[in-house]
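Here's a walk through a model, taken one stop at a time. Have the sequence and the 3D view ready, and let's get going.

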Amino acid sequence: MIVDINTCFGFYPYRKVDVSLETLKNILKFHRAKALSLSLKGIFYDATEGNEETLNLLKDETDVYPVATYDPRAYPKGIEFLEGLRSKGFLGIAFFPRLQGWLIDFAPFRDVLEILEKENIPIIIHTSGYGELTKISSLAGGIKSPFIISGFNYSNLSEAIAVMKKSENIYIESHLFNSPDTLEYLKKYTGTDRIVFGSGAPLLSFETALSVIEKSYLSDEEKEGILGRNLERMIGVKL
Amino acid sequence: MIIDVHCHYGAWPFAMDNFGVDRIKEYLDRFDVIKAIFSSSKAIVYDFREGNRDLVEFLEKDERFYGYLVLNPNYLEESIEEVDRYLDNEKIVGIKLHPAYSRVNLEDKRTIKIIEHFSKSNLIYLIHIWGVSMANQLARVARQFPDIRFIMGHTGGDVWFDCLDIVKPYPNIYVEPCSSYADRDKVRMSIDTVGLDRVLFGTDFTLINPAFVIGMVESSGLTEEEKSYIYYKNSIKLLKGGKDA
């Protein structure tokens with residue numbers, strides 16, 4: 001079983017490309033995969049409208065599960081939507097500081113995290129740049145929720161290793177892993193239990209992300225963990 | 001079967017193992033890479049002559065290994081001497097320029113002097129291109145030297161779609177797709193914009209693994225015939241000096 005934690009659908013404003021829900025579903029169907037996903041409307045335009053669209057379009061889907069988002073630049077507008085996310089059906093909430101141009105130590109984001117602490121929901125953060133994960137680890141220290149960080153490749157893996165060794169609730173997502181060696185390297189220093197599979201599909205290549213996992217020298221059990229079981233264990237739900 | 005036109009030999013200042021000869025060979029075996037063209041990471045980020053010297057020794061370790069000499073236009077005379085030193089080495093097929101690391105842009109008079117000096121040599125240029133500005137520079141240089149073949153590394157990076165349009169009119173510019181972001185439509189759009197015969201397979205190995213870029217090709221909806229041109233046929237032709245594979 002494969003569960004992709006990093007997918008999206010909707011309209012992509014930066015260039016002409018098909019990122020429709022139908023395309024995503026076709027990719028998932030081809031690979032017999034499931035996914036956590038969200039509407040791009042919530043990232044680029046308005047979080048509440050996007051979250052409602054995500055719930056509405058995915059309500060009858062059996063293989064695509066909704067993820068919420070919030071843009072701290074709009075704080076406190078729409079903050080009430082974040083209460084009861086799990087009961088609304090969301091399996092996680094994703095943040096996009098790099099894309100939206102805010103920093104991890106942005107005060108509104110700290111307030112949002114305090115609200116989310118009561119929700120016990122995975123917090124997915126798409127970021128990159130040296131020092132960002134270090135800041136996240138400081139914030140995550142006082143919060144029990146798991147943090148899933150997306151945005152690691154060869155250039156900032158050192159930071160992931162250093163932080164994961166100290167913070168048990170920090171996980172990393174795999175879509176920027178440029179090589180199977182990355183997984184073998186992480187295994188040596190942090191183990192593989194806190195790595196979860198993500199692809200960035202349909203914007204990015206699902207085959208690329210999967211190929212990096214499959215071509216590694218990890219055991220089948222470790223690969224199965226990364227491709228889905230680690231996530232299931234984290235959220236306590238069998239997908 | 002694969003020919004990889006964008007590989008590196010040497011260490012990187014990142015959390016990753018340094019690849020020795022045996023490990024590189026193992027990777028080439030694993031992905032059926034029949035030829036790989038390397039440049040020295042040491043030469044790119046530090047001392048180009050010391051790095052090139054390491055590279056030339058390394059190239060002798062396997063018949064699949066070929067190389068680009070890295071030049072640093074800050075050292076114009078030394079760069080020209082460097083090419084003269086290795087020009088007869090059959091393992092050297094081209095020159096690698098990395099304007100971001102050397103901080104000398106592609107249209108700088110020193111870079112142009114190097115290109116002019118070796119314009120009759122049949123050397124291929126792999127140039128790190130990141131962004132519209134660098135792609136425009138490459139386009140102007142390619143127009144100035146229509147008989148020299150240039151590879152636009154990374155297809156221009158994060159704005160590859162704009163860079164494709166910029167280099168489209170220049171048949172002596174080839175593209176290769178490697179990047180940390182595996183855009184699903186990058187290879188397909190490259191073919192649609194510059195033509196199938198100008199798209200090569202390059203990975204940035206050992207920074208980026210063949211598995212990563214193969215995934216980009218495989219998710220592009222290409223026919224097996226189209227893929228064969230990307231994976232090796234176009235590179236065979238390029239290495240033969242433009243003659244058919």
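A:Asn120 counts as partly exposed, with 14 C-beta neighbours inside 10 Å. The cut-offs go like this: with C-beta atoms placed from the backbone, a residue is buried if 20 or more other C-beta atoms lie within 10 Å of its own, exposed if 12 or fewer, and partly exposed in between. You'll find A:Asn120 in the loop between helix H6 (107-117) and strand E6 (123-126) of chain A. Helices (H or I, at least four residues) and strands (E, at least two) are DSSP runs, numbered from the N terminus. Phi of A:Asn120 is near 50°, a positive value in a residue that isn't glycine.

Before moving on, a word on the ground rules: this is a predicted model, where local features need pLDDT of at least 70, side-chain atom pairs count only at pLDDT 80 or more, and totals for chains, interfaces and linings use all residues. Residues are numbered from 1 along each chain as its sequence is written, while chains are lettered from A and ligands numbered from 1 in the order in which they are written.

A:Arg32 also has a positive phi, near 50°, without being glycine. A:Arg32 sits in the loop between helix H1 (21-30) and strand E2 (33-39) of chain A, and it's exposed, with 9 other C-beta atoms within 10 Å.

Now for some cis peptide bonds. One runs from A:Ala201 to A:Pro202, with omega near 0°, and A:Pro202 is in the loop between strand E9 (195-196) and helix H10 (206-214) of chain A. Over in chain B, a cis bond joins B:Phe205 and B:Thr206, with omega about 15°. B:Thr206 belongs to the loop between helix H9 (186-194) and H10 of chain B.

Stay with chain B and step back a bit. Its secondary structure comes to 11 helices and 7 strands. Of its 245 residues, 53% are buried.

Zoom in on helix H7 (residues 132-144) of chain B, which has 13 residues. Which of its residues are buried? They are B:Met134, B:Ala135, B:Gln137, B:Leu138, B:Ala139, B:Val141 and B:Ala142. Their cover includes helix H6 (109-117), strand E5 (124-128) and helix H8 (160-167) of chain B.

Last stop: where the chains meet. The contact takes 21 residues from chain B and 25 residues from chain A, two residues being in contact if their C-beta atoms, placed from the backbone, lie within 7 Å. On chain B's side, the largest share, 6 residues, comes from helix H10 (residues 210-218).

How values were computed
The expected span of a helix is 1.5 Å times one less than its number of residues.
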